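Biologist: I would like to learn how to read a structure like this one, feature by feature. Please take me through it.

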Amino acid sequence: MDEITEITDAADSRQASDAAPEATPDVTAEELAWGHELFDGTRGEAEPAWALDLGVIRKAGSKRRRVRRVRAGGGVLAALAVTTAAAVTLGAGTTDYGAAAGPGGGWGGRPLQDVFSYVEPSGGSFTGNDGNWWVHVPKSAAVDLAAMLGHLDPGGAHLRGVHDDPGTTQPRIVGDGDPWLKGATTFVLSSSWTTDRTGPTRARLSYEFFDDVNLLRSTADSGPCGLAVGSYEDPIDQTGKTPPPKWSSCQYTVLSDGSRIGTASAPVGPGTETAAVRIFGSGNVVALVGSNFPVPGAAPGWVPSADEVMTPSPWSESGLRAALSDPGVGPVLAPQPPPNADGRLLVPADVGSDWAYDPSGGGTSTGEFVMDNGCDPDHSIFGLAPGRALAYLGSLPDGTQATGFEGEYRLPAGTGAKTMQDARTYSRGGCDPASKAGGYSQDTVTELPAGIGDGAFVENQPQQGGVRVTVRIGDTILQTDITRADHTRLTLTSDADRAWLRQIAGAMAARYTGAAKAG
C-alpha cells in the first residue's frame, strides 16, 4: 500500500514524523503524549499518521474539561482534522491532469502544469514510489491558479514558483475526488515576485483555498475582513512587543453568482500587506494575500526596512479583486456539511451578533456529564448515550474575546430531575481551596426564572474565567459554557450580564424543543 502522509496547514508547514515532539513552556510533555495516544487509539488502520500542531495542542490543552466531555469525538482530533491538508504519494489509478488545458483569458489555454512555473505549494514535499518528490494539488485549485495568474502576471515576467528550483519535481494535479485528497480542507500555495524571474525575491503572494469560511472567522482584529488568512502572522512578535497589523475596513463586492469579495490592507512597518477573499455561497473561500516585501523566517518583532520594501507595490486591492473575480475561479474542496442543520442547538446569533461557529473548538458528541467543584469523589456521570455538541467564537458584552461550547447530555430515563438537583449542589463550589489546582471554591449558582425548560440555572466560575448555563428538558440536560479566551478571571453578575445569560438559557430551551427556528 502506498505511503500516506498528512500535514498541517501552511502556517506551520510541519511534516508528519514518528519522532516524539518536544514540549514547550505552554505545552507539556504529558499533553503531547496524550495527543499522540488519542490519535493512535482512534485512527483507522488505513488512515495516516498525524503531525501535531503545537498551536492547536495549546488551545486544546487549556480546555481539558471540554475535551474530556467530547471524548475521542472532538478536542484535539477535531481541531487538527479541520486544519489539515492531505499530501500523498502517487497511487495506482490516480490521474495526472497536468497536461489538461487551463482556462482562456490571460492564461490563454496553456497546460495546467505550467502554473508551477509561477506558483509553489507550501508545506514541503513527499516521496513517491519512484523516488521522486510529489505534492498533489486538486484540479480545481490549478484552474483557479491559472485564471488568477492571467491577471496577476499576464506576461509571466515576474512570478516564480517551484519549477525554477533545481532538483525539484513539479507537483501532480489530480481530480478533486481523488481518494488521496480525502480529508483535505486547506491548500496554500505561494509565489515570489522578482524583477525578471531571477534574482532575489522583491515581494510575496499567497493563494489559499479553504472548504469552510467558519474555520477562518476571527474575533481578533488581526485578520483581513475578520478572517484568519494570509502571511500577516509571519513578521508578528508573538510576545506582544510588536503589535499585529491594523487592517483597514473590509470593502465588499457582490458578484453575479452571489459570492462576495472582500478586500483590505494593512501597514507592516514601511511595507504593506494587501488581501482579498472570495466567499462562495457554499462557504468555500479563495484568498489572495500579498506583501510588497519578502517575508523571511525573521526574528520576533521583525518588520521590513525601507530598502526591503518594493515601491510601487505589485499588489493593490483592486488588482487582487479583479483576479478573484475571474469567471474561471470557483470553489475548491467539498464544502463542510452545515453545523446544527436541524437548529436544535444554539445558533451563533443566540449568543451575540458577532458570534460564529468554531469548527476547531469542539467535537460532535458528548458522553460524560461533568459535575465537579473540587470535591472527592468525582460526581460526574460517565458512559452516557452520545449527545451533540457545538463550539462557538465571539465576544462578551464588554467586548472581551470568548469561546462557547454547548453540549447535549442524554441521561438515563427517569434521572433528569435528580441529576439536575445534584448539578445545582455541586455547582456551588466550596470544596476546592484557593490554593488547589482547578479553582472551583468561588463558584456560585444563580437560579433562572421558571418557564425555561424544566428548570435552569447559571454557574459563575470566576477562577476559571467562565460561566455555565444549565437547562433541563425532561431527561436531557443542555449546558453552554462561555469562557474568556485568555482564561483570566471572569465575573458576570451585573443586571445586563444576568439578562444576557437568561436570554441564552431561553434560546437553548426554545431551540431544543423546536419553539424557535434556526435563523
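Biologist: What is the torsion about the S-S bond of Cys375 and Cys431, and is the disulfide right-handed or left-handed?

Modeller: First, note that this is a predicted model. A disulfide is a covalent bond between the sulfur atoms of two cysteines. Here the torsion about the S-S bond of Cys375 and Cys431 is about 90°, so this disulfide is right-handed. The two sulfur atoms are 1.8 Å apart. The pair links distant parts of the chain, 56 residues apart. Cys375 is in the loop between strand 16 (365-366) and strand 17, and Cys431 is in the loop between helix 8 (416-426) and strand 19 (444-447).

Biologist: Is Cys431 buried or exposed, or partly exposed? And Cys375?

Modeller: Read this from the relative accessible area: under 20% is buried, over 50% is exposed, and values in between are partly exposed. Cys431 has 43%, so Cys431 is partly exposed. Cys375 has 16% and is therefore buried.

Biologist: How many disulfides does the structure hold?

Modeller: The structure holds two. The other is formed by Cys225 and Cys250, with sulfur atoms 2.0 Å apart. Its S-S torsion is about 80°, so this disulfide is right-handed. Both cysteines lie in the loop between strand 10 (203-210) and strand 11 (251-254), so the pair ties together parts that are 25 residues apart in sequence. Cys225 counts as buried because its relative accessibility is 15%, while Cys250, at 22%, is partly exposed. With the bonded cysteines numbered in sequence order, the pairing reads 1-2, 3-4.

Biologist: Now the strands. Which way do strand 17 and strand 18 run?

Modeller: For strand pairs, look at the direction, the number of bridges and what connects the strands. Strand 17 (387-395) and strand 18 (401-410) run antiparallel and are joined by seven bridges. They form a hairpin with five residues between them, and Gly399 in the turn has a positive phi of about 95°.

Biologist: What should helix 9 span, and how far apart are its end C-alpha atoms?

Modeller: The check is to compare the expected span with the distance between the ends. Helix 9 (residues 495-513) has 19 residues, which at 1.5 Å a residue should span 27 Å; the end C-alpha atoms are 27 Å apart, so the two agree. Just after the helix, Gly514 takes a positive phi of about 85°.

Biologist: Which residues of helix 9 are buried, and what covers them?

Modeller: The buried residues include Trp500, Leu501, Ile504, Met508 and Tyr512, and also Asp497 and Arg511. Their cover includes helix 7 (348-351), strand 17, strand 18, strand 20 (456-461), strand 21 (466-473) and strand 22 (476-484).

Biologist: How many residues has the largest nonpolar core, and which elements contribute to it?

Modeller: In soluble globular proteins, nonpolar side chains tend to be buried together. Here the largest nonpolar core has 42 residues, and those with the most contacts inside it are Met148, Leu152, Tyr207, Phe209 and Leu288. The elements that give two or more residues to this core are helix 5 (139-152), strand 8 (172-174), strand 9 (186-193), strand 10, strand 14 (285-291) and helix 6 (317-325). Helix 5 gives the most, with eight residues. Not counting residues up to four places away in sequence, Met148 touches Tyr207, Phe209, Val286, Leu288, Ala323, Leu324 and Val329. Apart from this core lies another, of 30 residues, among them Leu345, Ala402, Ile504 and Tyr512.

Biologist: How much of the whole protein is buried?

Modeller: Buried residues make up 53% of the 519 residues. The protein has nine helices and 22 strands. The protein exposes about 21600 Å², and carbon and sulfur atoms supply 52% of that area.

Methods:
Residues numbered from 1 in each chain as written. Predicted model: local features only at pLDDT ≥ 70, side-chain atom pairs only at ≥ 80, totals over all residues. Heavy atoms only, no water. Helix = DSSP H or I, 4+ residues; strand = E, 2+ residues; numbered from the N terminus. Expected span 1.5 Å × (residues − 1). Buried < 20%, exposed > 50% of the residue type's maximum accessible area, 1.4 Å probe, protein only. Contact = heavy atoms within 4.5 Å. Disulfide = S-S within 2.5 Å. Pairing = 2+ DSSP bridges. Areas by Shrake-Rupley, 256 points an atom, 1.4 Å probe, with all protein chains shown as cover. Core = buried A, V, L, I, M, F, W, Y, C linked by side-chain atoms within 4.5 Å.
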